[in-house]
Amino acid sequence: MQPGQPLPSAAIYDTNGAIVTAAVRENGGDAVFLGAIADDEQQLEAAMRKALETNDMLVLSGGTSKGAGDVSHRIIARLGQPGIIARTASP
C-alpha cells in the first residue's frame, strides 16, 4: 500500500519505495518509482524488462524472502549481464 492511501487492517505502507527513490535522487540519479509489483514471476519479469528498456539500472527492494518463494534472483539470472551489483560504503 502506498503512503497516502487508506490502510486496510493488518496492512503496512510501502516505505522502501520512497526511501530508495530519495536515495537515488540524492546521489544524482533520475529515479522513476514503479510501485510495488506482486510476487508473481511473469508479472515481475515483465515489469523489470520494461523498466530496463528505458532506464540504465533497476533497484529492487523487498521480495518474498531468501527462500524458494523469492522469484527476483531467478529473473535477474535470465536478464543477463551485469546481473546483481552490490556495493557497500567505504569505511
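Which side chain meets that of glutamate 45 in a salt bridge? In this predicted model, the partner is arginine 49, with an N to O distance of 2.9 Å. Both residues belong to helix α2, where a spacing of 4 residues separates them by about one helical turn.

A salt bridge joins the side chains of glutamate 41 and arginine 74, at 3.2 Å from N to O. Glutamate 41 sits in helix α2 (residues 41-54) and arginine 74 in helix α3 (residues 72-79), so this pair ties together parts of the chain that are 33 residues apart in sequence. The side chain of glutamate 41 meets that of arginine 78 as well, in a salt bridge of 2.9 Å, N to O. Because arginine 78 lies in helix α3 while glutamate 41 lies in helix α2, this second pair connects parts 37 residues apart in sequence.

Glutamate 41, at 25% relative accessibility, is classed as partly exposed. Arginine 74 falls in the partly exposed class at 31%, and arginine 78 does so at 41%.

For the structure as a whole, the search returns 4 salt bridges, among them the pairs glutamate 41 with arginine 74, glutamate 41 with arginine 78 and glutamate 45 with arginine 49.

Note on methods:
Residues are numbered from 1 along each chain as its sequence is written. This is a predicted model: local features need pLDDT of at least 70, side-chain atom pairs count only at pLDDT 80 or more; totals for chains, interfaces and linings use all residues. Side-chain values use heavy atoms; hydrogens and water are left out. Helices (H or I, at least four residues) and strands (E, at least two) are DSSP runs, numbered from the N terminus. Buried means under 20% relative accessible area, exposed over 50%, partly exposed in between (1.4 Å probe, protein chains only).
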